[in-house]
Amino acid sequence: MAVAQQTFEQLKTAGLAEIDPEIAELLGREADRQRGQIELIASENFTWPSILEAIGSVPTNKYAEGYPGNRYYGGCEIVDEMEELARNRAKELFGAEHANVQPHAGAQANMAVYFAALSPRDRVLGLSLDHGGHLTHGLKVNFSGKLYEFHHYGVARETMMVDYDDVLARAKEVRPRLIVCGGSAYPRAVEADRFREIADEVGALLMCDMAHFSGLVAAGLHPNPVPYCDFVTSTSHKTLAGPRAGFVLCREEHASKVDRANFPGMQGGPLMHAVAAKASCFRIAMTDAFTDYPRQVRANADALAAGLVDGGFDVLTGGTDTHLVQLDLRATDWTGLAAQERLEECKLTANRNTVPFDERPPKVASGVRLGTPAATMRGFDEHDFREVASIIGGALQDDPDVEALRARALALCDARPLYPGFRGYTSYAAP
């Protein structure tokens with residue numbers, strides 16, 4: 001029956017397929033797309049079924065402006081418990097003094113810190129975007145570049161890794177109010193202890209954006225930046241494998257400023273269904289069973305990098321300390337864009353990315369950013385990622401057999417099914 005012809009009573013009990021078959025069909029197609037390709041985008045992941053359940057839950061109906069015990073709406077006693085669980089679990093998981101779990105995404109988490117720590121036009125020092133930084137680390141058209149005076153450090157041309165002596169020299173030159181470490185396309189460990197020394201020498205606050213490697217931190221596979229930083233921000237997806245959302249950790253002395261910066265400073269009511277999902281994500285990340293997952297993420301990243309190098313390709317820094325592998329195509333005739341499109345033909349989803357000292361514009365780029373979290377979530381191991389590296393090597397030839405390469409990728413997908421039996425959404429079961 002068409003929506004316009006349904007009664008109010010029918011709308012109250014109808015499922016998605018009945019009420020909006022077009023969207024239901026698109027959701028099903030998206031689920032099939034995810035199942036039928038190898039996801040290598042480093043910032044994407046497949047979350048747990050329990051997290052999908054929490055995201056599609058009744059707190060989406062609840063306004064809860066404010067914080068637990070201090071809301072602007074009634075009826076918040078239960079969502080207060082949800083948020084307290086999320087905050088306490090985040091603090092326990094990462095050893096933080098304070099947690100704010102309300103940011104809608106990583107960009108909003110970074111914005112909350114900037115609003116808490118800075119005044120407009122204050123100086124900030126962060127990793128250059130074309131050397132692996134994030135758009136919220138000072139891109140001119142981003143709010144960060146518009147509101148604050150960002151300066152940047154980069155990587156050494158010889159090693160493609162952060163040169164801490166150069167960071168110190170830049171910090172002494174710039175005298176920033178805040179130093180930002182971490183990024184979105186830097187494959188090596190972020191040494192927050194060394195950034196702390198630099199920050200102390202120039203009297204700066206220190207923030208680490210650990211969005212990409214927070215799951216590795218939770219599992220003890222990457223140094224924890226929390227003890228060294230005034231602020232640590234993260235998303236809850238990527239290697240943490242939770243919902244698409246963000247959070248902030250900070251020292252107690254900054255807690256009230258961070259909370260006020262988030263609300264009422266930049267956001268209204270938090271998305272309480274997402275907060276509930278974050279709480280569950282943190283609980284999962286505390287378990288021994290979770291630790292097996294990031295360990296496999298790391299092993300798979302090493303296998304992918306080694307396979308690409310063995311195939312004659314350049315990998316930025318020669319390898320990785322995280323989940324992220326940067327393919328450097330400057331020694332080939334390939335652009336990042338062309339490589340991305342060819343890989344997609346072969347059922348490998350990745351994204352083009354600039355490499356340090358890239359002479360091509362970002363929309364074309366000379367690199368491809370690859371990550372292992374999503375395929376690892378569906379069960380890929382080191383042997384599978386050696387095959388992935390071989391498929392990539394075969395795809396980036398002059399005249400590849402795309403059909404044969406596609407068949408090899410689909411064989412891997414068939415062997416490691418994703419969300420078997422799931423349509424892409426859960427129907428409401430009317431009483």
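Guide: Let us begin with a term: a residue is called buried when its relative accessible area is under 20%, exposed when that area is over 50%, and partly exposed in between, with a 1.4 Å probe and protein chains only. By this rule Phe 150 is buried, with a relative accessible area of 9%. The model is a predicted one, in which local features need pLDDT of at least 70 and side-chain atom pairs count only at pLDDT 80 or more, while totals for chains, interfaces and linings use all residues. Residues are numbered from 1 along each chain as its sequence is written, and side-chain values use heavy atoms, with hydrogens and water left out.

Visitor: How is a pair of aromatic rings described, and how many aromatic pairs does the structure hold?

Guide: A pair of aromatic rings is described by the distance of the centres and the angle of the planes. Rings of Phe, Tyr and Trp (its six-membered ring) pair if their centres lie within 6.5 Å, and planes under 30 degrees apart count as stacked, over 60 as edge-to-face and the rest as tilted. The structure holds 13 aromatic pairs. One of them joins Tyr 114 and Phe 143, a tilted pair at 6.0 Å centre to centre with 45 degrees between the planes. This pair links distant parts of the chain, since Tyr 114 belongs to helix 6 (residues 106-117) and Phe 143 to helix 7 (residues 143-147), 29 residues apart. Helices (H or I, at least four residues) and strands (E, at least two) are DSSP runs, numbered from the N terminus.

Visitor: Are Tyr 114 and Phe 143 buried or exposed?

Guide: Tyr 114 counts as buried at 0% relative accessibility, and Phe 143 counts as buried at 18%. Tyr 114 also pairs with Phe 150, and because the ring centres are 5.9 Å apart with the planes at 70 degrees, that pair is edge-to-face. With Tyr 114 in helix 6 and Phe 150 in strand 6 (residues 149-153), the pair ties together parts that are 36 residues apart in sequence. Tyr 114, Phe 143, Tyr 148 and Phe 150 form one aromatic cluster.

Visitor: What should I look for in a strand, and which residues cover the two faces of strand 8?

Guide: In a regular strand the side chains alternate between the two faces of the sheet. In strand 8, Leu 205, Met 207 and Asp 209 lie on one side and Leu 206 and Cys 208 on the other, and all are buried. Because five of the five residues of strand 8 (residues 205-209) are buried, this strand is largely enclosed by the rest of the structure.

Visitor: How do strands pair, and which residue of strand 8 is the bridge partner of Ile 179?

Guide: Strands of a sheet pair through backbone hydrogen bonds, either parallel or antiparallel. Two strands are taken to pair if DSSP finds at least two bridges between them. Strand 7 (residues 178-181) runs parallel to strand 8, and four bridges join them; the bridge partner of Ile 179 is Leu 206. Elsewhere, four strands form an open sheet in the order 11-12-15-14, with antiparallel pairing. Its edge strands, strand 11 (314-315) and strand 14 (351-353), each pair on one side only. Strand 11 is joined to strand 12 (residues 324-328) by two bridges, and Asp 314 has Asp 328 as its bridge partner in strand 12.

Visitor: When can charged side chains pair, and how many salt bridges are there?

Guide: Side chains of opposite charge can pair when their charged atoms come close. A salt bridge is a side-chain nitrogen of Lys or Arg within 4 Å of a carboxyl oxygen of Asp or Glu, and the count comes to 22 salt bridges. Among them is that of Asp 32 with Arg 35, whose closest N and O atoms are 3.0 Å apart. Because Asp 32 and Arg 35 are three residues apart in helix 3, they are separated by about one helical turn.

Visitor: Which parts of the chain does the salt bridge of Glu 387 and Arg 408 tie together?

Guide: The side chains of Glu 387 and Arg 408 meet at 2.9 Å, N to O. Glu 387 lies in helix 16 (residues 382-395) and Arg 408 in helix 17 (residues 402-415), so the pair ties together parts that are 21 residues apart in sequence. Glu 387 counts as partly exposed at 23% relative accessibility, and Arg 408 is partly exposed at 30%. A network of salt bridges links Arg 196, Asp 200, Asp 230 and Arg 251.
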